[in-house]
Amino acid sequence: MSASVLFDIPGPRARLRNGLLTVLGVAAVAAALYGVYAGFDAKGQWAAEIWLPFLKWNTWQVYIFPGLIGTLRAAAAASVLALVFGIVFGLARLSDHSWIRIPAGAVVEIFRAIPLLLLIFFIFYLFPTLMGGGDYGFVALVLGLTLYNGSVLAEIVRAGVNAVPKGQAEAAYAVGMRKNQVMRLVLVPQAVTAMMPAIVSQLVVLLKDTALGYIIAYVDLLNTGFNILPAAIFGALIPAAIVVGVIYVALNMALSFLATWLERRSRRSRRSTTPPITTGPGPIESGVGSAAVP
Amino acid sequence: MDELIKYAPDLALGFLENVKIAAVGAVVSMILGTILVAMRVSPTPVLRAAGTVYVNVVRNTPLTLVLAFSALGLSDRLGLVFSDVPLTNSFWLVSLGLSAYTAAFVCEALRAGVNTVPIGQAEAARSIGLTFMQSLTMIILPQAFRAVIAPLGSVMIAMIKNTTVATAGGYLADSAAVMKITFDQTGASIPIFIGLIIAFMVLTMPIGFLTGWLSRRLAVVR
């Protein structure tokens, strides 16, 4: 790692100060960890009998995997539907006809502004009213995630197509392509490369938000961890929470790394004329913080 | 429409709870996020590593898990109690849980802002003899904040919408919980749903406009 531009190569006093801060930092982190450890220890949460079940295949097979499958099933269904929703509404917002553009814009803006949990609750209660009794946990969760994340994806699609340099569309029109051909053959293929990182980041958000199913009692990983497992293995709340938390973090980090890798790849690639779009302010390579961050 | 009028006082009280959580969340998460970003660019490797681990873990954990853990794990098991009144206690647990979660996003937004500050600014600060803390607080962070006003606004809007997840932390007084209780009696009511959405939009849209306007007005001209 190269030295940061934010501070000089430390001299004797700075080295002393850094050493002191290191000691203090380690002490603070260790104190916090020990506090948590001791607190849980006092409640017997590190006892072997509530941790041993996690070494047995049966626990994973009966409790954790069904929850994980519930989470992944909802995430997969919602991802596919949200992508379709995003592409349809994103392109509709780029339409030349105002009767398509304006309603599509309104739908996207409204669903982006609704708190997701309120939307899920509403769908959860709406379906029994319309269609009679039944378990609508899965439907409500998937539909809510689709409408919200689909709207965000629609904005990404729109930004991606708009980010393709204007010359590309002009050149395509100049060689005699029709509107539909320009979009299908020239703009969208180039935009996809630029959109990929942002799309994958949004799918991480979607995967995380499946945990809202916990609130409407959909059997997902969080429900397994906080309700079903602690009831089955008496008192194992903290072990279950830690195991489930690690699974969530590992899943999302894997997806996040994929997004970062895709972004680097498309930044390098010469096949598209469009720089990768991001949802936030893009990291600028030459900035102050980049050298300091490993 | 009658249902909305009948339940409006309850819903308004619930919505007020969301506003209160959001107010605490905005202040605490901005402070925590600024501390985190200072840690992440600091000269001390241990602090840098601690900040990185915190941000990456918290950012990849569902908010529902964070809030459920702060209620069931921190309060019930660790005995972290803010007040003897259960409702007040869970209000603070939820607000601080939400702040800890949002702080990771504030930190990421600010770090992107730090990245927009040209290297020359930091080099100039060093060459006139400013220490790390001086150059951070007087040169880097002021420019970084101005560069990310709009993204910080988006983070705050997301945070306001996330206050509805307070239910998961056992705080059953916010508007999502009130709406659920109401729907248990009336069934799904479209006017109530629309009413609440409009209330949230009234809160979030001015923030979007204000931060957009401020970011244009305060943009650092380079």
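Colleague: Which residues have the most contacts inside the largest nonpolar core?

Modeller: This is a predicted model. Its largest nonpolar core has 136 residues. H4(B) gives the largest share of this core, 15 residues. The residues with the most contacts inside the core, however, belong to chain A: Ile120(A) and Phe121(A).

Colleague: How do the residues of the side of chain A that touches chain B divide into nonpolar, polar and charged?

Modeller: The contact takes 53 residues from chain A and 57 residues from chain B. On chain A, helices H1 (12-42), H5 (116-131), H9 (221-232), H10 (237-268) and H11 (288-292) each supply at least two residues of that side. By type, the residues of this side of chain A are 36 nonpolar, 14 polar and 3 charged.

Colleague: How far apart are the end C-alpha atoms of residues 228-261 of chain A?

Modeller: The unreviewed UniProt entry annotates residues 20-40, 60-92, 104-126, 182-208 and 228-261 of chain A as "transmembrane region". Among them, residues 60-92 are 100% helix and 0% strand, with end C-alpha atoms 45 Å apart. Residues 228-261 are 88% helix and 0% strand. The end C-alpha atoms of residues 228-261 lie apart by 37 Å.

Colleague: Is Leu187(A) buried or exposed?

Modeller: Leu187(A) is found in helix H8 (residues 179-209) of chain A. Beyond its neighbours within four places in sequence, Leu187(A) is in contact with Val161(A), Val164(A), Gln168(A), Ala169(A) and Val182(A). The cut-off for a buried residue is 20 or more other C-beta atoms within 10 Å. Leu187(A) has 22 such atoms within 10 Å, so Leu187(A) is buried.

Colleague: Why is H7(B) largely enclosed by the rest of the structure?

Modeller: The buried residues of H7(B) include Ile149(B), Leu152(B), Met156(B) and Lys161(B). They pack against H1, helix H3 (63-77), H4, helix H6 (132-147) and helix H9 (190-217) of chain B. H7(B) is largely enclosed because its buried residues number 11 of the 14.

Colleague: How many helices and strands does the secondary structure of chain B come to?

Modeller: Of the 222 residues of chain B, 50% count as buried, and the C-alpha trace spans about 70 × 45 × 25 Å along its principal axes. Among contacts in chain B between residues at least 6 apart in sequence, 77% join residues at least 24 apart. From the N terminus on, the elements run α-α-α-α-α-α-α-α-α. The secondary structure of chain B comes to 9 helices and 0 strands.

Technical notes:
Residues numbered from 1 in each chain as written. Chains lettered and ligands numbered in written order. Predicted model: local features only at pLDDT ≥ 70, side-chain atom pairs only at ≥ 80, totals over all residues. UniProt positions renumbered as here; feature names shortened; annotations may be inferred. Helix = DSSP H or I, 4+ residues; strand = E, 2+ residues; numbered from the N terminus. Contact = placed C-beta atoms within 7 Å. Nonpolar A, V, L, I, M, F, W, Y, C, P; charged D, E, K, R; others polar. Buried ≥ 20, exposed ≤ 12 C-beta atoms within 10 Å, placed from the backbone. Core = buried A, V, L, I, M, F, W, Y, C linked by C-beta atoms within 7 Å.
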